[in-house]
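Here's a quick tour of how two protein chains sit together. Have a look at the model first, then read on.

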Amino acid sequence: MKNLPSLFSVSTAHLLRRKLVLSAFVVSAGFLALYWLLCSQMSKHGGAGMQTSDMALGALFMTLPAAATLSSAFAFILGSSVLPDEIQSGRAAYWAALPVSRMEIFTGFGLSSLAACLSVSLFLFGGIVGITHACLPYVETSIPAAIGAFLLWHAVLWSSITLLSLLVHRMVAIIICFSAWGISTFLGGLAQVARAAPGESVARAIVTAGGVSAVVYPADQAFRTMVYGLLPSGAALDDMMAFAGAITGAPALQLGWAALAAILFTILAARRFAKSDLG
Amino acid sequence: MQALPALEVYGVSKRYGRLQALHPLDLIIPRGAVFALLGSNGAGKTTFMKAVLGLVSADSGRAVINGVEHARPASRRGVRYFPETVRFGSWATPEFMHSQIERIRRESTREDLLSRATQLGCADLLGRPFGRMSHGQTRRAALAIATSGRPSMLFLDEPSNGLDPEGRILVRELLRQMAASGTTIVINSHLLGEVEAVCSMAAFLCRGRVVASGSLDTLLRYKGSARIESPMAGALAERLSGSGYEAASTGPVVTVPLPEGRTFAALTAEVAGSGIPFTLIELARENLEELFLRLVHSDEEGSG
């Protein structure tokens, strides 16, 4: 693996030159500008008697799912832009003809796309948290949980798109991953609300569907835990919504499965790349 | 002690779906050889190169490059590959790509690249993005990257493809020079005249099988005629015609079919005794094109 730093920097240089990362940063900056407008207006004209943590909860609750949609889209586009593009353009054969192993190429190029995904997302979510703090001061529920879950969430998104984009065409992979992410988030949210009505057959069915989606595509659990970690602790609204279990982290077992799935997807992707015919 | 062959291939085969692109194939290429892979389109030449370099996974067999199993990355140390299609990013310049590649292979310097680019007549292109080059310019610049420094072995897939006549001459000269300095060269090309000009050995592939291989000297058959080069070719042809030969001259060359019962030695004596100056007399052999067609047709007849 002594060529790993070189391959990482080669891949990063190529990725940066293609302006994909820059575009993602520009869109994120636009999103953050709008969010700053929202927060500053809330700060100026907030409801009388409302705590800033409640306003922060409201702002974050409205914003984080939209940011997650952006962030996952960036992850799928950036994650599928490196290795598949190198293979389709024939450049992968050029790299593979050098005295390096396929594993080094996979790791070096893969890490650069993962780093790009994480950088853009960190800018977006870090910006959201920073702006919220500046306008509507509050205390997060758990910063370590938020950071851990952030990394886990991206590990699942990146590993799944990397694997799929090596198996099918890049656009098909993006559509499948985006659909899986959307469905798992939707079912995950429904399942949390449905748990508030135990015994109902429809609610049971929704909880079961949520459980299945958590197994098939375990990105939602990590995202939900990140949101839980970022939301204000002790907000009045938090207590009001707690009956539905809407603001809680995912069980440790589900997070463990998400981590295992990310590792599994990565191993399968590496094996696929190692056996791919290049050029 | 005998030097290790540059390339040893044992039973390498490759199938794409239903198509057997390469049947189990054995080949040994000596160090320093300029080896041509010849065959029709789809014969398996490119697949062979890719299988040897590990770019496609062979279904069976093994290859050894410079004494190292091809599965090991170290086997590609000092080995360069020039693919048939080069698709660098349109924004990338040859200098940038060379610097990126050299971060990994660490085998040549910027000065080596400049020297090679100068030799190939493309030094002015080193700072220009590939997106602003013609196909031929891209090929020249990419070839300069692939051959910079002192590689021990070159795999070239259609190196002259898309080059103008001047470019082809420069490539031919480059290959001659590299071969003279000890680089083993494996060329896949359809330009048989060029192959004949630079290669010492060849293998003919037909539908994934090697139908003939060896040195060009042994592969090219002698034809039943002699070829004489003379500054007075017309006079010599006339003289030989008077002696019962059906001699014909074209420029400085006289071609003489050997009639039944007359030997090459007798013809040589006749020419020497004529008093007409000549610079060369040899038994005419088929050229690479004729050999190619003979082998392809005999393979088609054999399979038909």
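Chain B and chain A bury about 2500 Å² between them, with 58% of it on carbon and sulfur atoms; buried area here is the accessible area (1.4 Å probe) that two parts lose on being put together, summed over both. Leu55(B), Trp91(B) and Ile104(B) supply 27% of the area that chain B buries against chain A, more than any other three residues.

A bit of housekeeping: this is a predicted model, where local features need pLDDT of at least 70, side-chain atom pairs count only at pLDDT 80 or more, and totals for chains, interfaces and linings use all residues. Residues are numbered from 1 along each chain as its sequence is written, chains are lettered from A and ligands numbered from 1 in the order in which they are written, and side-chain values use heavy atoms, leaving out hydrogens and water.

**Where the chains meet**

- The contact (heavy atoms within 4.5 Å) takes 28 residues from chain B and 29 residues from chain A.
- Across the interface of chain B and chain A there are 13 residue pairs in polar contact, both at pLDDT 80 or more. That term means a pair of N or O atoms within 3.5 Å; within protein, one must be able to donate a hydrogen and the other to accept it, and residues adjacent in sequence count only if both atoms are side-chain atoms.
- On the side of chain B that touches chain A, β1, β6 (79-82), α2 (94-105) and α4 (135-147) of chain B each supply at least two residues. Helices (H or I, at least four residues) and strands (E, at least two) are DSSP runs, numbered from the N terminus.
- α2(B) gives the most to that side, with seven residues.

**The salt bridge**

- Side chains of opposite charge can pair when their charged atoms come close.
- How many salt bridges are there between chain B and chain A? The count is one, taking a side-chain nitrogen of Lys or Arg within 4 Å of a carboxyl oxygen of Asp or Glu.
- In it, Lys14(B) meets Asp277(A) (3.0 Å, N to O). Lys14(B) lies in strand β1 of chain B and Asp277(A) in the segment after α12 (252-275) of chain A, so the pair joins two chains.

**The sheet in chain B**

- Four strands of chain B form an open sheet in the order β2-β1-β4-β5, with antiparallel pairing; two strands pair if DSSP finds at least two bridges between them.
- β2 (19-29) and β5 (68-69) of chain B stand at the edges with a single partner strand each, so one side of each has no neighbour in the sheet.
- Five bridges join β1 (residues 7-16) of chain B to β4 (residues 60-65) of chain B, and Val9(B) stands opposite Ala63(B) in β4(B).
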